[in-house]
Amino acid sequence: MTAFNITQQLIKKHLVSGSLDPGSEIGLRIDQTLTQDATGTLVMLELEAMDLDHAKTDCSVQYVDHNLLQEDHKNPDDHLFLESAAKRFGLWFSRPGNGVSHPLHQERFGKPGATLLGSDSHTCAAGAIGMLAMGAGGLEVAMAIAGEPFYVKMPRIWNVRLEGELPDWVSAKDVILEMLRRHDVKGGVGWILEYSGDGLGGLSAMDRHVIANMGAELGATASVFPSDQVTREFLRSQGREQDWQELRASSDAIYDRKETIDLSQLEPLIALPTSPGNVVPVREVAGEPVYQAYVGSSANPGYRDFAIVAEIVKGQRVAEGVSLDINPTSRQILQNLARDGHVLTLLQSGARLHQAGCNGCIGMGQAPATGRISLRTVPRNFAGRSGTREDAVHLCSPETAAVSALAGRITDPRDAQRPYPKIEEPSAPIIDTGQIAPPPSISRQAKPDLAKGPNIKSLPNSQPLPDRLAVKVLLAVGDNISTDEIMPAGARVLPFRSNIPRIAEFVYIEVDPTYVGRAKDHDGAHAIIGGINYGQGSSREHAAIAPQFLGLRLVIAESFARIHWQNLVNFGILPLTVENTREHIAADDDLVIESPAEQLRSGQHITIENTTRSTSLIGDHSLSPRQLEVLRAGGLIPWMRSH
């Protein structure tokens, strides 16, 4: 009998096509889906285009957690649209202010042994309780809701063994920061991280959530934890012990890679601007003045993450000139913190309390002052993501954020010269389900109309792959370009998420403000040239569909981040890899690919003619036969129509 690790068990249980050979395409049955309001509007429009009658999954949930600011009609109109779509297609609906999708889903719906696909890259957080959870573009999530398999390249499996116990003043955030320190933001591309070891016993379900959540920052396909007694106790506390099942690896399970972290040897870590992988010990940057300390987000969402801050600042005041921002991750957690006195403690310290939601994590409020240091427990610190163009966002643990807020400067929390607070999770927490509406029962009666405000526009049409692809290179960019740089987040941009012509005005605006105008003026298709790990970060498919609306048909890079690579294909944009790309191609070069569909079918190599330089080069692709059909059709939606 073959010995399987947890990841292999989960994949085999849900495999509908393909094999477990790394690098080959597999199709997986999806049990649950998660959408949020920054990406869900397109998903619902895509379901409308498919004429879906009712969700085919066991459980699909639409959350409203990103676009909570209501400066005008756009966000509240879209909230009504999403609520009407949930009723139309048979989804659960989490109302504005109820909280962040990822911890809410773990509390209310997550099930060990199930698959979860979400239109948010941090969907992988659900691996904390033994799920196979992955982020994807919204169109793929729409397909899953419609009952179609999710296709992904079979990853390799990387065992990370955690041993020992965390020292005082070191917590789960420092564990994942240590992984980023070791491997940087592209170290997990093509891998699923599976955690094991005796060190797991000291990590709660929400501690594991912190680690699994930021697996996205490593570029990993997913992160998987065993479902053990810690998982069982978490589900029991949420009134859902019946959903628990044990999941563990066979004693002789085989992995493609193994690594060990001795938790007892970790120290407080911090990621400097402007990358989650730019990690150093806190002691190396101690003493730098702090403007803001921000606690919350899906990367530190648990009760203890807020309670420990309250205990650290208890009886003291935040330093003059420092803003301590508390962003509760759910109404339920906020109620428990209030019941136990922690909210009062935080307010008495001078902290600012915000509504339950993503808020500043996605650039929706709490932007820091220009050039001033903001310590944040969020997952990402890409330049400008906070809402401030010249920001200085550092990623750290709640302990480091709280101690530094009191001192007014970056401080190693071990220098706090006080006992380390010990936080116990509530044994009988308040459970609040009042802000989540269940889906209506399946009925033959007429479905409710979709409530479309004036900002919601139909999806633009895609064109089939031409017989001859001739493009001009309009932009050449560097390594680790993020989807935040391609399509910014924040209060200025995200309200147009359901209006592709309008949101396209912001494509690459912080990298090259002339790109959009040049793309509009260019008569024909164009290309973009990238470096290593092109498209890292968010799963938002706007980073593919908006450039496609402007005429993008070809992206050539040295390597791609998984989700964005898939999104490009889904919207009819050809992704090719070329070594040392920028040595062979530059902005304003004219490129030609003769008979691209025929070349794609015949093998992994494609000849690209650079007519400006009178040279030719070979581009590679790793597309499956199914993806080749999708590209030929012009994208996933026209491909579905043809089927």
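Welcome to a structure that holds 36 salt bridges, each being a side-chain nitrogen of Lys or Arg within 4 Å of a carboxyl oxygen of Asp or Glu. This is a predicted model, in which local features need pLDDT of at least 70 and side-chain atom pairs count only at pLDDT 80 or more, while totals for chains, interfaces and linings use all residues. Residues are numbered from 1 along each chain as its sequence is written, and side-chain values use heavy atoms, with hydrogens and water left out.

| D72 | K74 | 2.5 Å |

R414 sits in the loop between α12 (398–407) and β20 (436–437), and E267 in the loop between β12 (257–262) and β13 (269–271), so the pair ties together parts 147 residues apart in sequence. Helices (H or I, at least four residues) and strands (E, at least two) are DSSP runs, numbered from the N terminus.

How exposed are these partners? Buried means under 20% relative accessible area, exposed over 50%, and partly exposed in between (1.4 Å probe, protein chains only). R414 is partly exposed at 38%, whereas E267 is buried at 17%. Likewise, D72 is partly exposed at 37% and K74 is buried at 12%.

D590 lies in strand β25 (residues 590–594) and K472 in strand β21 (residues 468–476), 118 residues apart.
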